[in-house]
Amino acid sequence: MDFNSLLEQLKTHPAYEKVGMVLCHQGVVRATSRDGRAVRGLRVAVDERRLEQIIEEKKALPGVVEILVQINADRELKVGDDVMGLVVAGDIRENVIAALSETLNAIKSKATKKTEHFSE
């Protein structure tokens, strides 16, 4: 994930003067699954069409100026690797926090599928 390039890209947005807050989410492969099993890595598949739809839908939320996302899809990731970077920019704290949460949850539940690889 290159958050610096995402933030530089954001600063070129024509409505950047409306931005009062930028939130970033960095998803990382952790060493244990939600159920406590040891994980050695994972792979993420992305439905690109659905991802684009989600981003466009969430850009229409109140106060949102821009949403940028990078996903390390279709490759074997190991513990500690970046999985996803998400940047949400908007006017005020309440709008940006809500938009990041809604966007992240939608991407994870509707546009991506992860396959965890467990340690023996």
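**Salt bridges and cores**

Lys-114 and Glu-116 form a salt bridge, with their closest N and O atoms 3.8 Å apart. A salt bridge here is a side-chain nitrogen of Lys or Arg within 4 Å of a carboxyl oxygen of Asp or Glu. Lys-114 is partly exposed at 37% relative accessible area, and Glu-116 is partly exposed at 22%. Buried stands for under 20% relative accessible area, exposed for over 50%, and partly exposed for what lies in between (1.4 Å probe, protein chains only).

This is a predicted model, in which local features need pLDDT of at least 70 and side-chain atom pairs count only at pLDDT 80 or more, while totals for chains, interfaces and linings use all residues. Residues are numbered from 1 along each chain as its sequence is written, and side-chain values use heavy atoms, with hydrogens and water left out.

The count of salt bridges comes to 10. One of them joins the side chains of Arg-43 and Glu-76 at 2.8 Å, N to O. This pair links distant parts of the chain, 33 residues apart: Arg-43 belongs to strand 2 (residues 39-46), and Glu-76 to the loop between strand 3 (64-71) and strand 4 (77-78). Helices (H or I, at least four residues) and strands (E, at least two) are DSSP runs numbered from the N terminus. Arg-43 is partly exposed, at 31% relative accessible area.

Lys-58 and Glu-102 meet in a salt bridge at 3.5 Å, N to O. Lys-58 lies in helix 2 (residues 48-59) and Glu-102 in helix 3 (residues 93-111), so this pair ties together parts 44 residues apart in sequence. Lys-58 counts as buried at 15% relative accessibility, whereas Glu-102, at 36%, counts as partly exposed. Elsewhere, a network of salt bridges links Glu-56, Lys-59 and Glu-66.

The nonpolar side chains come next. In soluble globular proteins, nonpolar side chains tend to be buried together. A nonpolar core is a set of buried Ala, Val, Leu, Ile, Met, Phe, Trp, Tyr and Cys residues joined through side-chain atoms within 4.5 Å. The largest such core has 23 residues, and those with the most contacts inside it are Leu-51, Ile-71, Val-83, Leu-86, Val-88 and Ile-107. At least two residues of this core come from each of strand 2, helix 2, strand 3, strand 5 (82-90) and helix 3. Helix 3 supplies the largest share, 7 residues.

Apart from neighbours within four places in sequence, Ile-107 is in contact (heavy atoms within 4.5 Å) with residues including Leu-51, Ile-54, Val-69 and Ile-71. A second, separate core has 9 residues, among them Leu-10, Val-19, Leu-68 and Val-87.
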